[in-house]
There are 2 protein chains.
Amino acid sequence: MNLLISLDSKSKLGLQQQIRQQMVAAILSGSIPVGQRIISSRKLSEQLQVARNTVTLAYNQLIDEGYLNSCERKGLFVNESILNDRSTGIVTQHNTFTKITSPKSKLFWQKKIKIKPNNSNHFHYPSDWDKHPYPFIDGVFDRSLYPVKQWQEASRLAFSNVNAQNMSSLNEEDDSRLIEEIRTKILPRRGIKAQREQILLTSGSQHALYLIIQLLCNKKTTVAVEEPGSISLRNCLKLTECKIHPQKIDKDGMIIDNRIEPCQLVFVTPSHQNPTAITMSQQRREKLMAFAKKYGQLIIEDDSDCERNYFGNPQPALCSLGISNQVIYVSAIPKAIAPGLDVGFIVANPELIIQAKHLRQLMLGNSNKSIQRTAAFFLFLGYYDAFLMKANKIFQRRWNALRDALNHYLPNAILTMPNQGGTAFWVKCPENIHIKQLISRAAKQGILIEPVKDYYYKNKNYKADHSQACFRMGVTSIDESNIRTGVAKLAKLIREFSGDQNITLSSYSQQPLDSKNLFKKLAGATLICQTVYGEPCQIVIRADGKLTGHAGFDKQDQDKGRWWIEDGCWFRQWSSWSYGEQACFFVIIEEQQISWFNQNGRLVDTAIIQTVDYTQKNQLV
Amino acid sequence: MNLLISLDSKSKLGLQQQIRQQMVAAILSGSIPVGQRIISSRKLSEQLQVARNTVTLAYNQLIDEGYLNSCERKGLFVNESILNDRSTGIVTQHNTFTKITSPKSKLFWQKKIKIKPNNSNHFHYPSDWDKHPYPFIDGVFDRSLYPVKQWQEASRLAFSNVNAQNMSSLNEEDDSRLIEEIRTKILPRRGIKAQREQILLTSGSQHALYLIIQLLCNKKTTVAVEEPGSISLRNCLKLTECKIHPQKIDKDGMIIDNRIEPCQLVFVTPSHQNPTAITMSQQRREKLMAFAKKYGQLIIEDDSDCERNYFGNPQPALCSLGISNQVIYVSAIPKAIAPGLDVGFIVANPELIIQAKHLRQLMLGNSNKSIQRTAAFFLFLGYYDAFLMKANKIFQRRWNALRDALNHYLPNAILTMPNQGGTAFWVKCPENIHIKQLISRAAKQGILIEPVKDYYYKNKNYKADHSQACFRMGVTSIDESNIRTGVAKLAKLIREFSGDQNITLSSYSQQPLDSKNLFKKLAGATLICQTVYGEPCQIVIRADGKLTGHAGFDKQDQDKGRWWIEDGCWFRQWSSWSYGEQACFFVIIEEQQISWFNQNGRLVDTAIIQTVDYTQKNQLV
């Protein structure tokens, strides 16, 4: 018998395991007929060049497990009964199912299927996103974030004898330990005080929304959603044939006016608007609550992105504000805690919780207690808060790196500044570039960005908000060290795409200032400009060749640098701003506006010259 | 500062971990105010009577994690920023949600909720079922079955670096390794040959059915289900407001006749009918397929109980029979493999698979890859078949034990004999006993059994099938050693309940035979009776005081014993039948029928006397 076993020294499986596993495969596939004698351990070990003991141990395991029988003095044989419970019916030679691409079967099935779960073709990241070096994706997490040791410890505790009882529960009940942990550790952070009967576990926040929608919506319901807003939320609503009203948002969140009066349900993401990251202001929250009370509306608050608010103190959840018979709260344990972790929860009136629990059981049978139990121990051991602090630090560093890189490479392109942390920037795509082409070309260079058009329900709203196409860049999945390079490559790609279409020196009637005029105009000047995040910035070009800069509403960001003029170019170098790199520019000044152009003649930035400070000028070197 | 830390030497957490975890709890709950100095490690170790190093290590961990700050020469303090991301809004003193039992809120919500996921109140096992010593429950599994080591090995491999990539996938795609394992290891056992595009993973078989029902049913659809049949299937169908037609089953499975002609969909469990365990005969399967082809019906085959067919070779799946554009196949990886494991799959035409995938994503977001990946490795390592063989052996032993116990203690009560293995018996409940009371009293004695009434859609069908109430007893969750005791206790309980209502000697006009007539009638007689599983049994009462017995259609079950007469009682003892225990009876013979009564005068069994064998009689001792 010639048995093809090949060993791989680099495999995660030991040699003994590889031998065992390949023997099993051969037996089950019928490669070794029943009744045939297996090659002896001595011969196999010679063939494979391994210790005989390795083969013997593998064989012993196979005997224990019932794959092989040992017949005294005859050798080892495949155990007949291992194949006995396999169906002895005729395994059809042809494929069990009709050809995949048969148009007839396609039509047959399309007639049978009653609902169309995916009406819109929207953008999807490639499934091998993690093999791209520059994944500026908001919403998935790179592996470096997982608190693996802590999760494994929680898992061990969850499965230890004392605790492993009742995992395969027969009934609908959720893991009570996890409910308690959520109740006492997670909800209070959001200002929510709830009883156990008001909490239901789900398989993630998407699942929570699906349950709520199935229970509360039908074709007679009108629902308000944020515009732009979550794509999957809208697709979920469409399943019920309800009427969707896209309500626009402004810098304070969803606009509350009489357009949402006919709506029975209002879906909001007040802590961290998906996708703009805007936080709903306190006044707007109160207005929303008053409106809902007046018109008897239910508010569904999706708080599942909240943990990524890491600048300043997050606002408490909407539903902590009191009029709570009308707020349904949805959130989740952060996915970044474990690969594939998807534990969400609903906090609502017990009537709704009871019905949601029944529906959940019809949908899924009984819930996966092992994940719930492990998550409970993770929280119990106090790892949740520690994890959040660590993740927030990492996101903040990455976010700053992205901000600096965009500021440096694409300064005119930043669109929306998340006003309270959050992990995504919106970036304008130059007018002449087709955004789908940009995204596709960027992906080929390992850069993943996301178009924002699909977040809008109505294309007209998208166009009204954006004269140019936009894309989104996030930091939850990219390593800090790759951010600058990724943005640089993206900027380069954009320039290549744009060709000659950028504003260049050649489109100006004026010539750049020569050295003498540069000095005359700039020495002692104070410039007013804006940073990419909309904060005021003041730069003093001192006559002594030094630069001082203040940025931020509180002028909290300061830097020093130096400047000089050479061959009709203005040179500057900061200590830390712009990565502390030296840069040189051609300069044109029209009235009070100063425009800087790089060596390729491309416009890089503009600013306003404050009235010249004559006291400084008199200090000319 | 008085910090209440108490250590438990029996806890699974080490001392260091307990100190750490209780400190964290105190910090997060605000018991230790920010800015307050923590008790020194020396003092705490004295207080707790532990090594100082233990405390120091705990404190160091808390410093690393950011809970504590060390101020030089001053001591340890709570880190302010750990509490900073907590909401600083007013945490309302009153409960966030209105009182649970307010009738006004109940009404409010009942009006809002559009569907009623649980129309029928049906029987539920208690959630602490595993604390009952005699859980005769079919469908959950006791912990002794879990192949823990193998699952953990699979889990380790699944999470090793090479493989942990892409767990947090952004898209709908299932774990391709698991799809492949199902395709090549599980489906062929059932005679199914499928392509990857025809397989979809779900969170269990219930989830699979829910997806299919949502896609294919609405209020205009008529659906045939087995009667009796799955409760959760019917509840799932009710969500769509489709018309449910309960079609009766006989010993060959669902009856196929023109009553199901108006149905567009037919749901069957042909391998192992839920709940009767009947296997659909080959002829009936062909009849069903021909019918479906003629009337353009879709068949949904739920094969998820199939692995428990361990007598003889299971029939191949219905959908291996060819006309497969019309069969949708649903099954699952056995839940007994890991606690909380719930991986199901659908095999169907790719058109349906695609829509089901979209719907699944709207329901659940993206699937839990970690469980899928672990299951894939479990299969890859060849543990699945080994597990099935082991589980089947265990179930067979348990099943035999249950059969023997019922035969011994409740011989007249067995109703349905699963005709091809399976793990449940149906048992008649004596007429005068209210079954709910019996179940409730049994539970108090630690015995769990299940009423079967709820499996019927229409009560009239239940009554038509059963003149007496029935309950079901299974073996998947009870240890073999508890089976006999459990049945004995149940039998005793039934007798107590029945009181005087059983047939007793006093209801006969005749007196039991005296010793002389006993000998005259019985010595040399051959008795014909039936075992509890409907098989013929022949007992020869030899004149020399020996007994020989043959049972089974092939007379494969044989035993020897002895008999004697004493004080008007007939004594017998087998070698192994009836546990080899001695028993004595009063005997009444009417015509050819012999009736045995126990010492309490209760009828125990009956048989028919064959014509006396005179040759034997002549060998009287």
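The legends below describe close-up views of a predicted model.

**View 1. The second largest cavity, lined by residues of chains A and B.** The structure holds six cavities of 30 Å³ or more. The second largest cavity has a volume of about 510 Å³. Its lining is made up of 29 residues, and those nearest the centre are A:Ser203, A:Asn368, B:Ser203, B:Leu364 and B:Asn368. From chain A, the elements giving two or more residues to this lining are β4 (199-202), α11 (350-364) and α12 (369-380). From chain B, they are β4 (199-202), α12 (350-364) and α13 (369-380). By class, the lining of the second largest cavity comprises 16 polar, eight nonpolar and five charged residues.

**View 2. Packing of helices α13 and α16 of chain A.** Helix α13(A) covers residues 383-409, and helix α16(A) covers residues 480-498. Their axes come within 9 Å and cross at roughly 25 degrees. The angle is under 35 degrees, and α13(A) and α16(A) are therefore roughly parallel to each other. The crossing of these two helices is right-handed. On the α13(A) side, the residues in contact are A:Arg397, A:Arg398, A:Ala401, A:Leu402, A:Ala405, A:Leu406 and A:Tyr409. They meet A:Glu480, A:Ile483, A:Arg484, A:Val487, A:Ala488 and A:Ala491 in α16(A). The contact of α13(A) with α16(A) has nine nonpolar and four charged residues, and no polar ones.

**View 3. Packing of helices α15 and α17 of chain B.** Helix α15(B), residues 435-444, packs against helix α17(B), residues 480-498, at an angle of about 130 degrees. The axes of the two helices are 11 Å apart. This angle makes α15(B) oblique to α17(B). The crossing of α15(B) and α17(B) is right-handed. In α15(B), the contact involves B:Gln437, B:Leu438, B:Arg441 and B:Ala442. Their partners in α17(B) are B:Leu490, B:Leu493, B:Ile494, B:Glu496 and B:Phe497. By class, six nonpolar, two charged and one polar residue form the contact of α15(B) with α17(B).

View 4. Most peptide bonds are trans. A:Pro228 lies in the loop between β5 (222-227) and α9 (231-238) of chain A.

**View 5. The positive phi of A:Asp567.** Most residues other than glycine have a negative phi. A:Asp567 is not a glycine, yet its phi is positive, at about 50 degrees. This residue is in the loop between β20 (557-566) and β21 (569-574) of chain A.

Key
Residues are numbered from 1 along each chain as its sequence is written. Chains are lettered from A and ligands numbered from 1 in the order in which they are written. This is a predicted model: local features need pLDDT of at least 70, side-chain atom pairs count only at pLDDT 80 or more; totals for chains, interfaces and linings use all residues. Side-chain values use heavy atoms; hydrogens and water are left out. On a 1 Å grid over the protein atoms alone, a cavity is a set of points where a 1.4 Å probe fits but cannot get out, and a pocket is an open set with protein on both sides within 12 Å along at least five of seven lines; lining residues have an atom within 4 Å of a point. Grid points are joined across faces, edges and corners, and a volume is the space filled by probe spheres set on the points. Helices (H or I, at least four residues) and strands (E, at least two) are DSSP runs, numbered from the N terminus. Ala, Val, Leu, Ile, Met, Phe, Trp, Tyr, Cys and Pro count as nonpolar, Asp, Glu, Lys and Arg as charged, and the others, Gly among them, as polar. Axes are lines fitted to C-alpha atoms, for helices over the stretch in contact, and angles run from 0 to 180 degrees between N-to-C directions. Angles under 35 degrees count as roughly parallel, over 145 as roughly antiparallel, 65 to 115 as roughly perpendicular and the rest as oblique. A crossing is left-handed if the near helix is turned anticlockwise from the far one by less than a right angle, and right-handed if clockwise. Contact means heavy atoms within 4.5 Å.
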